[in-house]
Amino acid sequence: MFSDSNWGSLIFKLIVYGTGFILGAFGGMFSECSGIINIALEGSMVIGAFSGLIFLYGMSKTGFVAGLVTTLAGTGPTFDLRFKIDMLFLAAALIAIVVSILFSFLLSFVSIKFKADQTIVGTALNMVALAACAIVNTSATQIDSAEVTNGPYSSFYVVDNNQGFVGNAFSSMHIGVFLGILAVIVLCLVMDRTRFGLRLRACGENPAAADSVGINVNKMRYIGTAIGSAAAGLGGFIIFSCLNISNKWTIDALGYGFLVLAVEILGNWKTIPILLAAIFFAFSFSFGNVFQAALSNNPDVPKVFYTNRAFFAMIPYALAFLSLIFFSKHSHAPKAEGIPYNKGGR
Amino acid sequence: MNNVGVAFKKAGLGVVSFFHRLDGKRGWRSFLASVICVAIGLLAGLILMLCIDAGRAFQGFGVLLSQGFSDADSFGRVLYQSTPMMLSGVAIAFAFKLGLFNIGITGQVTMGAFTSLVLGLTMQANGFNGGNWFWCMLIAMVSGALVGFLTGFLKAKFNVNEVLSGIMLNWIIYYLIGLAGRYGLSVKSYKDPYANDYLLTMPAASRLPSLGITAMMGVSWGLIVAVLIIVLLQIVLNKTVFGFELKLSGSNRFAAQYAGVSQAAKIIWAMTISGACAGICGYMLYALPTNPTKFLWSSNGNSLLGDGFTGISVSLIAQNSPLGCIFSSLLLSLINSSQTSLKSVSDAFNIHYTELIKSLIIYIASFSSLFVYLIQKWHDDNKLFKAQGTLSERPEATPGSLKRKKREKPVASEGKEGK
């Protein structure tokens with residue numbers, strides 16, 4: 001029933017969603033293992049995606065990659081042009097990371113210095129992120145809408161124009177995705193195989209004990225939140241730049257920031273289970289999407305089955321809900337999560 | 001001259017001592033902290049305005065604050081738009097008393113809105129007449145409460161994080177309503193089972209009855225109902241055993257457990273009541289007496305109802321006090337009401353701008369405990385007050401004497417028991 005192009009877009013969505021979700025969930029893991037609840041992952045995703053995309057939008061105005069549109073109509077970009085585009089996207093991804101790190105200090109500073117309620121700060125920051133992005137967007141582009149366009153950069157890895165398996169799978173991917181995959185591996189190793197990762201976890205489990213052996217708990221929390229926010233920002237940039245690249249992106253993380261929190265809890269704050277859980281969700285997301293497309297191309301299938309966008313869109317959330325019910329009983333959150341560290345409290 | 005000076009001094013001292021005594025009260029301290037948060041948030045908004053469009057910033061700021069009071073119509077709008085907001089705010093606040101963050105409120109609001117609309121349409125189709133609005137409100141309340149109950153039950157029995165199950169339920173309900181609208185129902189308005197979206201309007205008989213103030217037709221009995229519910233919840237929280245146990249569980253779970261308070265029951269009750277308030281909020285959103293908002297479901301849309309999330313803002317600014325929700329919802333709806341006029345002052349001040357101001361206020365409200373602490377500190381080492389002779393006239397007002405009193409009390413009672 002699945003055609004080549006369906007398989008292609010399934011692979012594409014699996015990779016893009018998978019990388020984004022893993023990065024987002026790792027973001028949550030890093031900050032929560034250091035002891036700070038990060039509800040603001042959604043905000044990080046929005047900020048990351050926005051800063052990257054608005055940079056690309058600005059660059060499209062400068063004519064840095066002039067001739068892209070005309071080249072795309074033919075056989076695909078030349079090596080020289082493709083190198084330029086790669087550099088551009090690399091820069092955009094790095095900008096996304098830097099801006100998300102700056103954003104994370106809004107959370108960590110008030111949580112550590114002012115001992116604020118972290119859930120509330122996170123919720124407020126989600127709103128701040130949305131509104132700030134919309135304002136910057138309207139004043140930068142002079143267009144009164146909460147949308148970011150970056151049309152010229154659509155599908156530049158086009159190998160052939162037939163959009164078969166390869167075309168569907170890789171034409172909309174950019175170097176940021178590979179950076180994301182690299183980041184997933186690095187973050188895995190950092191958390192599981194380094195002294196730093198162990199110390200980070202110690203700060204989330206028993207900050208007093210960590211402090212007694214000379215670890216600066218608050219510094220670790222700043223770093224943990226920054227890494228977490230950076231990962232989520234990169235994840236957001238990857239998802240929204242790849243999936244919406246051909247048209248407009250409305251400034252909104254569509255609740256993915258909360259979905260990755262569910263992934264993180266499902267993965268029990270451990271790297272490998274989180275990885276598996278994220279891939280599971282990415283699959284349910286992309287499969288529902290592609291399945292609907294595949295059904296609609298098949299004349300034998302009655303209309304009722306595929307006009308139901310609501311049904312297919314609901315699958316990932318329903319699965320997340322059910323899996324939460326089944327796995328939450330044994331979930332073990334970092335003990336000191338959400339509690340501001342008080343040196344005198346020992 | 002000297003007499004006037006003394007009089008001034010006395011008056012000043014009177015004001016200071018008035019506030020000083022108030023500062024000793026917890027409720028007043030949090031109220032003052034909220035006011036400070038709002039003021040700082042608005043100030044930040046003014047600074048932002050100066051950055052965006054310096055020439056018209058002050059004019060814009062004036063509009064932001066005064067538009068709601070400009071005429072009876074605007075003021076009426078502020079009132080009726082704040083009505084559902086205060087209910088969603090109190091829903092969040094009530095759950096927060098137990099330390100639960102009911103972010104699933106959007107799902108509960110959507111559910112309440114949808115069930116009440118369907119009931120209203122069904123009653124209209126069947127020609128039923130008699131207190132329609134009450135039945136609609138009731139079913140909205142029950143359906144919202146059921147969703148809240150589900151979240152609370154899962155939290156109590158399966159240890160499911162209420163934030164996550166709430167968010168998942170928001171989306172599940174959003175999409176379920178999309179499905180239900182197509183297949184499960186035979187109300188006239190769903191003509192095309194394959195349509196991508198549909199629009200529902202609450203029939204006139206099921207809308208909230210207006211209070212009858214000619215200049216403000218939008219202000220309805222809903223406002224009265226909302227205020228009554230809030231007062232009721234305030235009484236429940238502060239004057240009943242149930243409320244005390246709820247607050248105890250919220251502030252120290254282990255102490256509550258030790259004292260024999262059932263945690264599971266409290267969680268379920270808190271979420272159910274919270275969901276009930278949210279459900280009523282959902283009904284009121286779409287049941288204005290004149291020109292009600294239409295309920296739109298679009299299968300191509302990806303956005304939940306924002307109205308539930310407004311409740312979070314309301315509650316956070318009010319520092320989770322049910323009565324405070326009334327004031328904070330009025331403030332937010334005042335800011336909202338200025339959106340269109342603000343845009344006409346300058347193009348730069350668009351709708352996102354007011355959103356930003358609101359979110360800044362909440363961001364600052366998140367560390368309001370800092371302000372409470374500062375006020376407390378100011379209260380404790382108020383040098384002006386200590387230096388004055390009046391202290392000796394009212395020894396009970398000094399912080400030191402208060403502490404001594406508190407310390408002595410248990411000793412005395414112990415002594416009595418000892419005898």
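Q: A residue is buried if 20 or more other C-beta atoms lie within 10 Å of its own; going by that, what share of chain A's 346 residues counts as buried?
A: In this predicted model, 51% of the 346 residues of chain A count as buried. For chain B, with 419 residues, the figure is 46%.

Q: Why is Leu176(B) called buried?
A: The cut-off is 20 or more other C-beta atoms within 10 Å. Leu176(B) has 20 of them within that distance, so it counts as buried. You'll find Leu176(B) in helix 7 of chain B, residues 162-184. Leu176(B) also sits 9.8 Å from Met111(B), C-alpha to C-alpha, though the two are 65 residues apart in sequence.

Q: How do you know that the length of helix 10 of chain A fits a helix?
A: Take 1.5 Å times one less than the number of residues. For the 27 residues of helix 10 (217-243) of chain A that gives 39 Å, and the end C-alpha atoms are 39 Å apart, so the two agree. Helix 7 (175-193) of chain A goes the same way: its 19 residues should span 27 Å, and its end C-alpha atoms are 27 Å apart, which agrees.

Q: Why can the buried residues of helix 7 of chain A be said to line one face?
A: The residues in question are Gly176(A), Val177(A), Gly180(A), Ala183(A), Val184(A), Leu187(A) and Met191(A). Look down the axis of helix 7 of chain A and these buried residues fall within an arc of 110 degrees, so they line one face. Turned away from that buried side are the exposed residues Leu182(A), Ile185(A), Val186(A), Leu189(A) and Arg193(A).

Q: Which elements of chain A give two or more residues to the side that touches chain B?
A: Overall, 44 residues of chain A are in contact with 37 residues of chain B. The elements are helix 5 (118-141), helix 11 (256-266), helix 13 (303-307) and helix 14 (309-327) of chain A. Helix 5 of chain A has the largest share, with 14 residues. By class, that side of chain A has 29 nonpolar, nine polar and six charged residues.

Q: Where in chain B is the pLDDT below 50?
A: Chain B averages a pLDDT of 79, and 79% of its residues score at least 70. The pLDDT is below 50 over residues 186-191 of chain B, a stretch with twelve contacts beyond near neighbours in sequence. Residues 389-419 of chain B are also below 50, and that stretch has ten such contacts. For the model, ipTM is 0.81 and pTM is 0.82.

Definitions and conventions
Residues are numbered from 1 along each chain as its sequence is written. Chains are lettered from A and ligands numbered from 1 in the order in which they are written. This is a predicted model: local features need pLDDT of at least 70, side-chain atom pairs count only at pLDDT 80 or more; totals for chains, interfaces and linings use all residues. Two residues are in contact if their C-beta atoms, placed from the backbone, lie within 7 Å. Helices (H or I, at least four residues) and strands (E, at least two) are DSSP runs, numbered from the N terminus. Ala, Val, Leu, Ile, Met, Phe, Trp, Tyr, Cys and Pro count as nonpolar, Asp, Glu, Lys and Arg as charged, and the others, Gly among them, as polar. pLDDT is the predictor's confidence in each residue, from 0 to 100. A residue is buried if 20 or more other C-beta atoms lie within 10 Å of its own, exposed if 12 or fewer, and partly exposed in between; C-beta atoms are placed from the backbone. The arc is that of the directions from the helix axis to the C-beta atoms.
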